[in-house]
Amino acid sequence: MAEKLGCEVATFQSRYLDHYRAVFAVLESALPELGEGKDGFAPPF
């Protein structure tokens with residue numbers, strides 16, 4: 001996953017969360033009922 005995000009393993013978690021938040025913002029604007037934390041839509045850490 002770190003390779004897909006173009007980062008080192010040591011910085012993976014912060015890069016992942018940044019990417020997650022960006023994608024979530026796009027989805028939330030189109031699907032306001034989505035809600036963070038619902039099964040399948042929460043970050044793994």
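Is R21 buried or exposed? At 51% relative accessibility, R21 comes out as exposed, where exposed means over 50% relative accessible area, buried under 20% and partly exposed in between (1.4 Å probe, protein chains only). The structure here is a predicted model, in which local features need pLDDT of at least 70 and side-chain atom pairs count only at pLDDT 80 or more, while totals for chains, interfaces and linings use all residues. Residues are numbered from 1 along each chain as its sequence is written, and side-chain values use heavy atoms, with hydrogens and water left out.

First, the overall layout. The protein chain has two helices and zero strands, taken as DSSP runs numbered from the N terminus (H or I over at least four residues for helices, E over at least two for strands). Its C-alpha trace spans about 35 × 20 × 15 Å along the principal axes. Of the 45 residues in the protein chain, 20% are buried.

Now for the inside. The largest nonpolar core has nine residues: A2, L5, C7, F12, Y16, L17, Y20, F24 and L34. Such a core is a set of buried Ala, Val, Leu, Ile, Met, Phe, Trp, Tyr and Cys residues joined through side-chain atoms within 4.5 Å. Helices α1 (2-5) and α2 each put in at least two residues, and α2 gives the most, with five. In soluble globular proteins, nonpolar side chains tend to be buried together. L5 sits in helix α1 and counts as buried because its relative accessibility is 16%. Its C-alpha atom is 16 Å from that of P44, 39 residues away along the chain. C7, in turn, belongs to the loop between α1 and α2; at 15% relative accessibility, C7 is buried as well. Between the C-alpha atoms of C7 and E36, which are 29 residues apart along the chain, the separation is 25 Å.

Back to R21 and its partner. The structure holds one salt bridge, that is, a side-chain nitrogen of Lys or Arg within 4 Å of a carboxyl oxygen of Asp or Glu. The side chains of D18 and R21 form it, at 3.6 Å from N to O. Why are D18 and R21 separated by about one helical turn? They are three residues apart in helix α2, so about one turn lies between them. D18 is partly exposed, at 47% relative accessibility. As for charge overall, the mean positions of the 4 positive and 7 negative charges lie 2 Å apart. Lys and Arg count as positive and Asp and Glu as negative, with His and the chain ends not counted; each charge is placed at NZ of Lys, CZ of Arg, CG of Asp or CD of Glu.

Some nonpolar side chains show up on the outside too. V23, L27 and L31 make a nonpolar surface patch with about 210 Å² of accessible area together. Patch residues have over 30% relative accessible area and no salt bridge, with like charges joined within 9 Å and nonpolar side chains (Val, Leu, Ile, Met, Phe, Trp, Tyr) within 5 Å. V23 belongs to helix α2 and is partly exposed at 38% relative accessibility. L31 lies in the segment after α2 (12-30) and is partly exposed, with a relative accessible area of 38%.

Definitions and conventions. Areas by Shrake-Rupley, 256 points an atom, 1.4 Å probe, with all protein chains shown as cover.
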